[in-house]
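Here's a quick briefing on one protein model, with the numbers grouped by topic. Have a look at it first, then read on.

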Amino acid sequence: MEFRQLQLFVAVAEELHFGRAAARVGMAQPPFSQQIRRLEAELGVELLTRTSRRVALTAAGSRLLDEARTLLARRADVIRTVRRAAQGETGTLRVGFAASSSAFGVLPDIVSRFRKRFPEVKLELDDRESLDVGSALFTGELDLAIVRAPFRREGITVERLLREPFLLALPSRHPRAHQPVVALASLASEPFVLFPRHTAPGLHDTVTSMCLAAGFSPRIVQEASSWPSVVGMVEAGLGLTIAPRSAQALRPRGVVFRRLRGASGFAELAIALPGRQPSPAAVHFRALAHEAVDGMRADPLD
């Protein structure tokens, strides 16, 4: 029994006229009638009584009509579901981000856009260290990740998402807090709060390299694995930090952000994907991520 036969049977069962039913499905009547006969022979029952004046459903035909409608509707649902999955409109998308990446600066906007456009995709966010993100992408635990560049892992493709300047974050009560611009070289004697190098080696090296270029090695007195913790320590007065511009999204009350003079480096946020073909949902997420950061490039500095 084929779906096509069921479609033909439903047509004649609803029309109760072979000519009209054949015309409805775009067939000539003889082959249409042959298909119905073949279906009856396969099932071993009579589905329709036929006279020169009328066509009527038998008891078996009435039952098959109900079942056929259910099967055909289910078939349409399956086809629609499979096609939507192939288009990235359903399923699960696993997105990773390193706590030290300060992805919180753009991630909420990206997630909001994605949920609005693709509400039936289950979005799973996974916060872990950079090294773990690379491994999870490679093994397939994650579909994509937002990371701080440079980010190099074998078998992982990385593309730039956002390039932003560094800012100085310092307690609002610090003597330099009133200065709109602070020279990096003037911070040589200041205590710094930063994240451990292993959590984001590229970003850590960029920050320390800028300080070395300004004539000093940063005196790191405290470390924290996430930017919220780093900024929280700055707010507590434990030291200063150099952070990507998007860290302003944290908006801590007791911390101010100031431009840095003499800071030649930039922070880069990137999307990391496995070397294999990304899933359709991952492709959608990547496109919306680029869409989200387009507006950030034009935002004025606070």
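Let's start at a loop: Leu16 sits between α1 (3–15) and α2 (18–25), with helices taken as DSSP runs of H or I, at least four residues, and strands as runs of E, at least two, numbered from the N terminus. This is a predicted model, where local features need pLDDT of at least 70, side-chain atom pairs count only at pLDDT 80 or more, and totals for chains, interfaces and linings use all residues. Residues are numbered from 1 along each chain as its sequence is written, and side-chain values use heavy atoms, leaving out hydrogens and water.

**Leu16**
- Leu16 isn't a glycine, yet its phi is positive, at about 50°.
- Leu16 counts as partly exposed because its relative accessibility is 37%; buried means under 20%, exposed over 50%, and partly exposed in between (1.4 Å probe, protein chains only).

**Fold and overall shape**
- The protein chain holds nine helices and 12 strands.
- Its radius of gyration is 32 Å, whereas a compact globule of 302 residues would come in near 19 Å; the radius is taken over C-alpha atoms, and the globule rule is 2.2 Å times the number of residues to the power 0.38.
- Along the principal axes, the C-alpha atoms fill a box of roughly 105 × 35 × 30 Å.

**Packing and surface**
- Of the 302 residues in the protein chain, 44% are buried.
- Take the contacts (heavy atoms within 4.5 Å) between residues at least 6 apart in sequence: 75% of them join residues at least 24 apart.
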